[in-house]
Structures are given as C-alpha cells and as structure tokens.
Amino acid sequence: MKMTLNRLTKRYKDKTAVDSLFAELTPGVYGLLGANGAGKTTLMRMVCGILNPTSGNVTLDGRDTLAMGEGYRDLLGYLPQDFGYYPVFTAMDYLMYVAALKGLTKRAAKVRANELLEIVSLQTVANKKIRAFSGGMRQRLGIAQALLNDPKILVLDEPTAGLDPKERVRFRNLISEISKDKIVLFSTHIVSDVEYIAGTILVMKDGRLIHQGKPDEITASINGYVWECRADPREAELLSAKYTVSNIRHEGNQDMLRIVSEEKPCENAVQVEPTLEDLYLYYFSEEAAQQEKEVS
Amino acid sequence: MKINERKIREDLASFSVPAYDPEKMRETVQLAKAAYRERQFAARIGFWEFLSMQLRFIGKWVWLAQVVLLLSVLLAVSRRSFAVNEMQHVFLVFSCAVPLLAFLGFPEILKSYAHGMAEIEGCTRFSMRKLMGARMLILGLADLCCMTVILAASAARSGTPVLRMILYLFVPFNVTCCGCLTVLEHVKSRQGGYFCAAVCVLCIAVFSQLSFVKGFYETAATGMWIVLFFCSLAYFATELFRAFRSFDRLFCSKQETLSVPW
C-alpha cells in the first residue's frame, strides 16, 4: 500500500496554507511536526478528502482518492483536532452512530464498540452522556471512533491533546500495537510523542515540508548547532535574550544552558548531540516566542 | 444390511482419535476465530439498512413535537363542522401549523454542523450527502404522513374539495421548506437553526395575515394557488438540489466544494 501526496497545494485569498507538498507514505507511523499555522490540519483534511486541494492530489496505489470515493473512506479513520458530539449521546451511542456511518453491521458495531471502550478505558462509563466527560475522556472516545472500522489509513490531528502523561503513554503503546500494516499519520506539538512513536518524521513549516526522515536522520541536520555552557545568572539572562535556549538548569550559583545556535554562543560552550526538541526550537523558535507573547 | 449397519456402528464406536498437538489445536481455533471475526467486520451494510439505522438516531423531541402539533391541529379543526364560507379559522390554523411542521425537521438535519460532527461524518463510508439525504427522507416522509392526516381531517370536516385543500396546505409548506433549504445551503453552523426559526416565524406571519384577506381562499383564487403551488414546488426542487451539492462543503468558501462521487 502506498499513499502519494502529489504536490498538494491549498491556497486561500491571502495565504498559502500548503505549498506544493510531496510525500510518499507506506505502512508505518508518520509524525507530522510543526508549529501552529504550519498547515498540518489543512494537509490532514486534504488527505481525508474533506477539503479540496487547489492543485495536486492524493493517490492510493496509483488511484486518486477523491475518485475512489466511499472505497477510500472505508479505509480511513480520522480524528480531527476539534471534534464535536451530540450532547444526548452516551459513549456507546456515539460509537454505534459512527459505526453505522462507517457501514458496520449492528452486531459487528456492538462487538467493536465494546472492545474499543475497553482499550481506551471507558467501559465503565459506556452508558454515561458525553457531556459529562472530561476533556481527556472525550479525546479517548475520539480515538476509539477513529478505530471502529479497523482503518488501513489512520489520520490523527493532535491526538494527545488533553491527555495526561499516563494516558499519553497508553496512547503511544496503542498506536505502536495497531500500526502494523497501516499508514498512521498524526500531528502533534509534543515532541516526545513523535520521538517515541514515529518511525518517520515530517517537519512542516509555512505549508512546506522542510524535512522528512527517521528521527536520528533529521536531528543530524542540526549537528553542530546545539551547545551547552555554564554561566552566572546575569550572563545566563543575557544569553537567553540573544539566543534560543532549550533548557536552563540551575546548579548552585551557576546556570547550565542548552542553546540552539549556528554560532558558538560563548567561550566555554561545548557542542552536544542534538535532540528532536532542539530541532523543533531551531525551526520554530520565532513561532514559539510569538505564542508565548500571545499567552502573556 | 443389518449386519453391515452393526459392523459400521462397531467400527465407529471403536474408533480412537489420532494423537494431536494441543497447541496446534489452540492455534487452529484462534485462526478460525480470527477468520470469522474478519469476515464479520468486513461485511458492510447497504443504504436501506443505513437508513433504518438512522431512524434510531433522529432525536425523540422531533417525533414528540410532530405528534403534539398534529394532535393540536386535529383538535382545532375537529371542534365543529365548518361551512365552506366559515373556513377562515381552519386557514389560520394551517398558516400557523404547516410552516411549523416544515421547520421542525431542520434543526435535526443541521445538527451535524451545529454540534461540530461534520468533519468526522464527512470522512465515513456514507458521505455527508447520504447522511443528510437519509435524514431528509425520514423526516420528509413523517411530514408527509402528518400532512395527509391533516388534509383528510380538514377535508372531511369542511367539505372543501381535496385538491384545493392540498394547495392550501402545501403552498405554505413548500415556501417554508424553500426558505430553510436556502439557509441550509449557506449557513453551516449552529446559527443555521436560528435562521430557519426566523424563516418559519416569517412564513407563519405572512400566511396568517393572508388568511384574513377576503377572497384569498375562495374558489375564484384557485388559479393563483395553482400557480403558487407549482412555482413553490419548482423552487423547492432547485433548492433541494443546491443544498445537496453544498453538503460536502464543510469549510466556508465555495472553493471548498468536494467532488466526491455519490
């Protein structure tokens, strides 16, 4: 099975959300990494066929997915970033409803719904109304609905949003278990999720794919740009203002800084092995700073 | 024959099961279960089964509201017999009840957009068009049944020809549906329900005012009613077609129209 994203482009009046993106996906887990506004959600919507590209297409084993129609949607499981629910539905009602839309028979839907509720640890609240659920519970229910038809292509937009660390670990294990013979594409801001689950990472910025490869391959692209140095608090403050600092650790009366920079930041700085988080900061430090400003 | 039978029975009784590996037997059972399960999950329902399943997911308040409305109308028209020239009361009831009956189904049709479910529903085997089509078919048939009951009751009570009663009932119904379908085509959010309610209120106001107009419901005006009926029917068909085309347009601008085959 091979999915090809053929020069996908989505242009709006004043913005190009996705710009001539090309990628070939075979069974495995793909982590889509990018800041807010990078075009991840737009890309995922085009992959799922709910948004028409301005140009380009998505093919599956050479066939246009839009032309395949219900044959393609039968293979698809999708969890949007913001998804709703009918307030009067219980968790079981919700899964039975989506199962009907996915074409499952009533008997198969019931069996599958019960299995998935157990997998996402919602079996005790199966008959409780969704409006009484916490955010994390709703997210788990959303993951469950995406898996109802045992999809061959699973698209998850920020699937770990709202999940606590324990739930995130459970989610990672679930994805690892089910990803055999499937194409799993998920987007996230949480670098550790991508690091642990994704076999291939796609880094997106301003609608373009700037990097694609295994985690160690793409972190190797910033070899020589990550430094560690000691500084007193005053100097640390100056360095933080001038460079992108991925971590500060206080050690007695000195600070240990981890800096992402193309130039050596200070005299005693030593190069260290880059991580995915360093890569994220290298490419998205401006966006991260902008978000911090908006929050404050 | 009997000796052969006896011999067969003896052979069968003395048969011993050959030795087998229990682990292999367990594996065979697992594989059989997995194959059965795969076949069970691979089966897909057709459109008619999907339609019957959707019936279960239509909100119970819709059915309740329709029953209450129907009973109210029947009560209102059955209180006394009407002479042909005392029909103003009946027409006032129609003016209020029929647009309301037309409106009742639309919040249910729009709920995918109102509750943010459209993105998930749009990616499933049965497309948004089929889902909306199923809802409209179910609710439309229910409306048709209600209208038939109202038509029968009021025609029987008043003695007005059935064909004229059809015109008096279906013109306000069509006009309200056209307005709500136009809303459905252009507004894909929670606000859609409020706009449909506004259309309903407007139609109630217009038709109830018209029910006081002398001569509007007289035999001489039947030609005008026939024209209104066919015009509203044509517009209804056009709006229905346009609304269907718009169902896969989930995100704002006209550029987002999907071209997924039905």
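Start in chain A by selecting the four strands E12, E13, E11 and E14, which lie in that order in an open sheet with antiparallel pairing (strands, of at least two residues, and helices, H or I of at least four, are DSSP runs numbered from the N terminus; two strands pair if DSSP finds at least two bridges between them). This is a predicted model, in which local features need pLDDT of at least 70 and side-chain atom pairs count only at pLDDT 80 or more, while totals for chains, interfaces and linings use all residues. Residues are numbered from 1 along each chain as its sequence is written, and chains are lettered from A and ligands numbered from 1 in the order in which they are written.

At the edges of this sheet are E12 (244-251) and E14 (270-271) of chain A, each of which pairs on one side only. Within the sheet, E11 (residues 226-231) and E13 (residues 254-260) of chain A are joined in the antiparallel sense over 6 bridges, and A:Arg230 stands opposite A:Met256 of E13(A).

Next, select the open sheet of 6 strands in chain A, ordered E6-E7-E8-E3-E9-E10 and mixed in its pairing. Its edge strands are E6 and E10 (208-213) of chain A, and the twist averages 15° from one strand to the next. E3 (residues 28-33) and E8 (residues 183-188) of chain A pair in the parallel sense over 6 bridges, with A:Phe186 in E8(A) as the bridge partner of A:Gly31. Helix H6 (residues 135-146) of chain A packs on the sheet, touching E6 and E7 of chain A, and its direction makes about 165° with that of E6(A).

Finally, display both chains: the contact takes 29 residues from chain A and 30 residues from chain B. On the side of chain A that touches chain B, H4(A) gives the most, with 4 residues.

Conventions
Contact = placed C-beta atoms within 7 Å. Axes fitted to C-alpha atoms, helices over the stretch in contact; angles between N-to-C directions.
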